[in-house]
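Q: Please take a close look at one part of this model for me: the place where the two chains meet. Walk me through it, then show me what lies around it.

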Amino acid sequence: MKSLLKMNLKLIYLLLTSFIVILIPEKLAAQNDNTEYEQVTDSIFYKDKYGLTVSLDLSRIGLSFLNDDYQGLEIAADYRFSDDLYIAGELGNEIATYNEENLTNETDGSYIKLGVNYNIYDNWIGMTNLIYVGFRYGFATYSQTLENYTIYTTDSYFESDLRTDSRSFGNLTASWIELQAGIRVNIIGNFYMGAHVQLKNLVSSTEIPNFDNLYIPGFRRTYDNSSIGAGWGYSISYLIPIYSKTKRQAVDN
Amino acid sequence: MKKILCSVILMALAFSLLASCERDDICAAATPTTPKLVVEFFSADNPGQNRNVSNLAITEINVEDTLRFTGTSEISIPLRTDAIETTYIFNINSEAASGGRIDTLTFSYATEELYVNRACGFKVNFIDFRVRQANNNPLSWIQDLVINEIIIENESETHLSITY
């Protein structure tokens, strides 16, 4: 009964204020603020960090140590543009060797990726974890060196014909579009750990006469019969806070 | 909106991982690679009729191994990819007490390297294919040589016809 009365009073008050707001909004601005203040009891305020996050790809560093045929480094950064939207990019360098039975090829080059991440995770108050989907445009400049190859025959009558006259193909470029999905979790302070997967589609690549682009920095390996590529990464990140937005969130009574 | 976006992307990623699991680092047997020379044998007595060879032993002059064919009118033999000539000794009826009859054929050509794919590497096509029969050979058995293809780029055609 008591709450019903309170509810009624609230409604009446709301009705009255709305009349006033419509009629003379400017003069009663101060009073309007008071109304907002009234609701403080039903909300909490918190600071939401906005800033630049700088990440280091750990998977590429790990792979560089474990795999003799690979050396790579990637630094990523993203800037929180709005509540859920982050402007993101990666910069990297890779040297990858394809060393299989019939040919050995080394790719050496750098890449840049630019795009956005969209956070699909609704954080608890004050937390800044991310489950995101992202889009990138990637561009790489690189060179390939075909170090050796065999003339493939199905017959073993003659000894294998191994050619070791290495051939270099420079000034190669490639571009692709990429979808990312990932997670980034606040570990301690402004440090985060992240993991993500990538799906990409090659848009363009320099044609090499009588050879092919076997590996494109940033895109990773190519496939003979499709323009699709895949990748992944683990990273450690540091958030450099630039400013905070005070956010208010309603709390159920 | 968020849920739809998320599920679409997760599905796309799952699909891509499946697609990328397909191995293409092993050269598939069906891939056309360096072609062998396809030789067909014809009868001198019945022109246009195939004639099966019996105990045909073919040995390249620098190789110790011998390729042996019998009961067939069509054979395929490899050509050297690291040279512009391959010389084979064709010894027919090689199992006979007399040792059979012998002809020495030299195949000459230019090689053309072609990239196949990452698994198979490169192949060679043979262009401007010619054949030369050693002269002054009392044991000769080949009566006529006809080049059907001057470019050897697959094994589905007969490149050389031998009449005996």
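A: The contact between the chains takes 35 residues from chain B and 28 residues from chain A. Keep in mind that this is a predicted model. On the chain B side, α1 (2-20), β6 and β7 each supply at least two of the touching residues. The most comes from α1(B), which gives eleven residues. What kinds of residue make up this side of chain B? They divide into 19 nonpolar, seven polar and nine charged.

How confident is the predictor? The complex gets an ipTM of 0.81 and a pTM of 0.78. Chain B averages a pLDDT of 88, and 85% of its residues score at least 70. Where pLDDT is low, the predicted coordinates should not be read in detail.

Now go to the interior. In soluble globular proteins, nonpolar side chains tend to be buried together. The largest nonpolar core here has 29 residues. Those with the most contacts inside this core are B:Leu37, B:Leu56 and B:Phe126. Both chains take part: β5 (130-151) of chain A gives two or more residues to the core. So do six strands of chain B, namely β1 (37-42), β2 (56-60), β5 (85-92), β6 (101-117), β7 (121-133) and β9 (160-163). Pick out B:Leu56 in the view. Leaving aside residues up to four places away in sequence, B:Leu56 touches B:Phe69, B:Thr70, B:Phe90 and B:Ile92. Another core, of ten residues, lies apart from the largest one. Among its members are A:Ala96, A:Trp176, A:Tyr215 and A:Ile216.

Next, look at chain A as a whole. Chain A has three helices and eleven strands. Along the sequence, the pattern is α-α-β-α-β-β-β-β-β-β-β-β-β-β. Of the 253 residues in chain A, 25% are buried. Take the contacts in chain A with a separation of 6 or more: 64% of them join residues 24 or more positions apart.

Strand β7 (residues 167-188) and strand β8 (residues 191-205) pair in the antiparallel sense over 14 bridges. One such pair is A:Leu179 with A:Leu199, its bridge partner in β8(A). These two strands form a hairpin, with two residues between them. In the turn, A:Gly189 has a positive phi of about 55°. β8(A) also runs antiparallel to strand β11 (residues 228-250) of chain A, joined by eleven bridges. There, A:Ala195 has A:Tyr234 as its bridge partner in β11(A).

Key
Residues numbered from 1 in each chain as written. Chains lettered and ligands numbered in written order. Predicted model: local features only at pLDDT ≥ 70, side-chain atom pairs only at ≥ 80, totals over all residues. Core = buried A, V, L, I, M, F, W, Y, C linked by C-beta atoms within 7 Å. Buried ≥ 20, exposed ≤ 12 C-beta atoms within 10 Å, placed from the backbone. Helix = DSSP H or I, 4+ residues; strand = E, 2+ residues; numbered from the N terminus. Contact = placed C-beta atoms within 7 Å. Pairing = 2+ DSSP bridges. pLDDT = per-residue confidence, 0-100. Nonpolar A, V, L, I, M, F, W, Y, C, P; charged D, E, K, R; others polar.
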